[in-house]
Amino acid sequence: MEPVPSPAGPSRAHRAADLVLRVVGGVVAVVAAAVTAALELMLSMLRVGGVLIGVSVLVTVLANVALSWFAPRAVGRRWALALPAVVWFALMVVAAGGTSEGDVLIAANNWVGLVMIFAGSVTFAVMGFRTVMNPPGPESPPPPRL
């Protein structure tokens, strides 16, 4: 009886393509975090009949859940959840801080902006906790050999 040869690992091209796709996934997560943060900041000032409405809070929670789901799966590492979280939070800190002229994107009297920052931060914290506490799933099957 002949021994069965062990299957060869992925080729160098497959490993390189995998690395490129993971890096691109991380970049997409970071860019998406910046774009959603800008959208959320614009929506935080939305008024109907002169009254602030909280639509940006809902958009923030949904977008941050999506980013928290996407980043670790695109990069293949659980720590990748920090990529969009850090970018999003940094943009919120910059938006809440004023310029030397006194301009701010989120004013102190804008309850929607403050709730948006709180809800977005808590969303990333909860999703990060869930990601860390959940055991990693089964390994995905190896790519088909060509």
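**Helices, core and a salt bridge**

Guide: H2 and H3 pack with their axes 8 Å apart, at an angle of about 140 degrees; axes here are lines fitted to C-alpha atoms, for helices over the stretch in contact, and angles run from 0 to 180 degrees between N-to-C directions. Helices (H or I, at least four residues) and strands (E, at least two) are DSSP runs, numbered from the N terminus.

Visitor: What does that angle make H2 relative to H3?

Guide: That angle makes H2 oblique to H3, given that angles under 35 degrees count as roughly parallel, over 145 as roughly antiparallel, 65 to 115 as roughly perpendicular and the rest as oblique.

Visitor: Which residues meet there?

Guide: From H2, Thr60, Asn64, Leu67, Ala71 and Val75 meet Leu83, Pro84 and Trp88 of H3, where contact means heavy atoms within 4.5 Å. The residues of this contact divide into 6 nonpolar, 2 polar and no charged; Ala, Val, Leu, Ile, Met, Phe, Trp, Tyr, Cys and Pro count as nonpolar, Asp, Glu, Lys and Arg as charged, and the others, Gly among them, as polar.

Visitor: Before we go on, where do these values come from?

Guide: This is a predicted model, in which local features need pLDDT of at least 70 and side-chain atom pairs count only at pLDDT 80 or more, while totals for chains, interfaces and linings use all residues. Residues are numbered from 1 along each chain as its sequence is written, and side-chain values use heavy atoms, with hydrogens and water left out.

Visitor: OK, and how many helices and strands does the protein chain have?

Guide: The protein chain has 4 helices and 2 strands, and from the N terminus on its elements run α-β-β-α-α-α. Of the contacts in the protein chain with a separation of 6 or more, 70% are between residues 24 or more positions apart.

Visitor: Which residues touch the most other members of the largest nonpolar core?

Guide: That core has 16 residues, and Leu41, Val57, Trp88, Met92, Ile106, Met116 and Phe124 touch the most other members. At least two residues of this core come from each of helix H1 (12–43), helix H2 (55–75), helix H3 (82–96) and helix H4 (111–133), and the largest share, 5 residues, comes from H4. A nonpolar core is a set of buried Ala, Val, Leu, Ile, Met, Phe, Trp, Tyr and Cys residues joined through side-chain atoms within 4.5 Å, and buried means under 20% relative accessible area, exposed over 50%, partly exposed in between (1.4 Å probe, protein chains only).

Visitor: What is Met92 in contact with?

Guide: Leaving aside neighbours within four places in sequence, Met92 is in contact with Ala37, Glu40, Leu41, Ile106, Met116 and Ile117.

Visitor: And Thr36, is that buried or exposed?

Guide: Thr36, which lies in helix H1, has a relative accessible area of 18%, so Thr36 is buried. Not counting residues up to four places away in sequence, Thr36 touches Ala63 and Leu67.

Visitor: New topic: how many salt bridges are there?

Guide: The count comes to 1 salt bridge, meaning a side-chain nitrogen of Lys or Arg within 4 Å of a carboxyl oxygen of Asp or Glu. The side chains of Arg22 and Asp18 meet in it at 2.7 Å, N to O. Both Arg22 and Asp18 lie in helix H1, 4 residues apart, about one turn of the helix. Arg22, at 28% relative accessibility, counts as partly exposed, and Asp18, at 35%, also counts as partly exposed.
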